Amino acid sequence: MARAPFNGKQMVEAAVAGELTPTQVRQALKKATELGLYDIARKLTEYLVQANEFANDGASKELRERVAKGISLLKGLGYHPNRTEQKLRRRGVVITLNDIAVSMEISDNFRRMMSAGYKDYTTEAIVKDFPQFFSKEAVDASLEKLKKYQKE
């Protein structure tokens with residue numbers, strides 16, 4: 001029996017709707033790349049991690065999805081924040097991002113995301129945009145790091 005042809009647009013729509021598992025997204029990404037459908041592959045990269053993979057900690061859907069997209073984009077750049085992903089699955093978005101944000105050290109992943117033009121998906125930008133979920137210390141540190149990076 002012949003397999004159905006690959007429909008990249010349909011795969012992206014399914015990924016956006018959350019209908020694909022991470023394994024299915026990776027398979028579709030591989031197929032799109034093999035077929036030279038690089039725009040489709042780039043879009044699928046945004047859905048390598050799903051928000052429903054994180055522990056439920058009361059974070060809003062929008063916050064969880066933005067974190068998932070940020071982790072996905074970082075993976076798309078070839079970096080794999082395994083410890084962060086494990087903590088997101090065990091403890092949730094709020095605790096994980098709060099812990100990352102309170103450190104005054106600018107991380108390599110922060111630099112990578114900023115350099116790639118993904119500022120809105122850094123922990124610091126997410127904490128800044130959703131301050132009601134995070135400690136004052138995390139928000140202040142995030143604002144300081146964003147300001148400091150702009151000067152470098």
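I take a polar contact to be a pair of N or O atoms within 3.5 Å; within protein, one must be able to donate a hydrogen and the other to accept it, and residues adjacent in sequence count only if both atoms are side-chain atoms. The model is predicted: local features need pLDDT of at least 70, side-chain atom pairs count only at pLDDT 80 or more, and totals for chains, interfaces and linings use all residues. Residues are numbered from 1 along each chain as its sequence is written, and side-chain values use heavy atoms, with hydrogens and water left out.

**Entry: glutamate 53.** I located glutamate 53 in the loop between helix H3 (38–45) and helix H4 (61–76); helices (H or I, at least four residues) are DSSP runs, numbered from the N terminus. A polar atom of its side chain lies 2.7 Å from the backbone nitrogen of glutamine 50. Beyond neighbours within four places in sequence, glutamate 53 is in contact (heavy atoms within 4.5 Å) with Pro22, Leu48 and Arg89.

Entry: Buried means under 20% relative accessible area (1.4 Å probe, protein chains only). Of its 19 residues, Leu63, Val67, Val93, Leu97 and Phe134 touch the most other members. H4, helix H6 (93–102), helix H8 (123–129) and H9 each supply at least two residues. Another core, of twelve residues, lies apart from it and includes Val12 and Leu44.

**Entry: alanine 138.** I found alanine 138 in helix H9 (residues 136–151). Alanine 138 counts as buried because its relative accessibility is 0%.

Notes:
Buried means under 20% relative accessible area, exposed over 50%, partly exposed in between (1.4 Å probe, protein chains only). A nonpolar core is a set of buried Ala, Val, Leu, Ile, Met, Phe, Trp, Tyr and Cys residues joined through side-chain atoms within 4.5 Å.
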